[in-house]
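Subject: Structure handover

Hello,

Here is the structure I promised you. Please open it and keep it in view as you read.

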Amino acid sequence: MTPLQALLAQRIALNGPITLADYMADCLMHPKFGYYATRDPFGADGDFTTAPEISQMFGELIGLCLAQTWIDQGAPSAFTLAEIGPGRGTLMADALRATKGVAGFHDAASVHFIETSATLRKRQAGAVPNATWHDDISTLPAAPLYLVANEFFDALPIRQFTRNDAGWREHMVGVLGDTLILGLSAPAPIALLDDRISDTKTGDIVEHCPALPGIVSTISDMIETYGGAALIIDYGDWHSLGDTLQALQNHSTANPFANAGNADLTAHVDFEAIAKAAKTHTKLTPQGVFLERLGITSRAQTLAKGLTDTALEAHISAHRRLAHPIEMGGLFKVIGLYPSTGKPPPGLEP
Ligand code: SAH
């Protein structure tokens, strides 16, 4: 039994079952025992890998996309270049290297990271030394905002509900002996799911991410007021339906209720919820299409010239993994948030 499991079992025995969102929040972000608080989970030795860790091309193209958006918006003289949930800081390091030659971009930029994990903040400081760190987006400066979030929203805690003839039954985490188990609350009407009555039937499961609307509305408010854009990249679909909670440990799926704090927990992102919460315009595109439009193939060919043997094979397979429709290219989507007076960032439209 993990120390977090013991702590949660004791708390639940005293106070009763907790929501899935409360469970996920502690598993991922508990300051002492949380998954992200206690480790660097990325790469071949970790539990999973992400696009910026697969190839430098990902961060480079994101950086160039944001720089072109900045130019298209008149190159504002002081702006925030921000990332939420930067992991190892690889994406931003690649983005900054790729945009060195964009006249005035670095002079006008100040780099801001939003990260709760102290362990990962140290790692990020190694990759990008001159950043400013924030616990949440509320303290970002009042300035044009060019922001990226890759695999951040899937780590936000979700609540789950099963539809029933009398309303919704919430999925709650309870305890049996030392074991954490999933149970269902008594059915009740849930106001925040009123818009799901027409498209669901008894027995259907829906998910709701409580933190998402506030985060998206704050980011989009800043973009609408001061200018800028956000690129939110993740796996998921338009309109959530079904149970998408997943635990990953050592690159394999695991039971989300065993090993609390030692497995990564994620859920698919509901891009419709992002579009609904945004006060800006939004545009959704599959990751592969987005990267192809930004020129990943010609960048891949340039990089391939310096490679041979296994390094070349790894590079070719990284390109395929990021861009091919049956791999991350189709599974992952990019939603761009941009001012209602402007045009979408490059890559989101033909
Ligand atoms: N973007 C990186 C890492 C993705 S993993 C990559 O693509 O490799 C999720 C990241 O979000 C981690 O850095 C994690 O510590 C951070 N994170 C998770 N929940 C957070 C929260 N509520 N606030 C800020 N950062 C959070």
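This is a predicted model: local features need pLDDT of at least 70, side-chain atom pairs count only at pLDDT 80 or more; totals for chains, interfaces and linings use all residues.

Residues are numbered from 1 along each chain as its sequence is written, and side-chain values use heavy atoms, without hydrogens or water.

**The ligand**

The ligand is surrounded by 17 residues (each has a heavy atom within 4 Å of it). Among the closest are Met 29, Thr 50 and Glu 115. By type, the shell has eight nonpolar, six polar and three charged residues. Here Asp, Glu, Lys and Arg count as charged; Ala, Val, Leu, Ile, Met, Phe, Trp, Tyr, Cys and Pro as nonpolar; the others, Gly among them, as polar.

Now look at individual atoms. A backbone N or O atom of Gly 85 is 2.7 Å from a ligand nitrogen. A polar backbone atom of Gly 87 lies 3.0 Å from a ligand oxygen. Thr 116 places a polar side-chain atom 3.5 Å from a ligand nitrogen.

How much of the ligand does the protein bury? Alone, the ligand exposes 570 Å², and the protein buries 92% of that (Shrake-Rupley method, 1.4 Å probe).

**Aromatic rings**

The whole structure holds ten aromatic pairs (Phe, Tyr or Trp rings, the six-membered one for Trp, with centres within 6.5 Å). Tyr 35 and Tyr 36 pair edge-to-face (planes over 60 degrees apart), at 5.3 Å centre to centre and 80° between the planes. Both Tyr 35 and Tyr 36 are buried (under 20% relative accessible area, 1.4 Å probe, protein chains only).

Best wishes

Terms used:
A polar contact is a pair of N or O atoms within 3.5 Å; within protein, one must be able to donate a hydrogen and the other to accept it, and residues adjacent in sequence count only if both atoms are side-chain atoms. Rings of Phe, Tyr and Trp (its six-membered ring) pair if their centres lie within 6.5 Å; planes under 30 degrees apart count as stacked, over 60 as edge-to-face and the rest as tilted. Buried means under 20% relative accessible area, exposed over 50%, partly exposed in between (1.4 Å probe, protein chains only).
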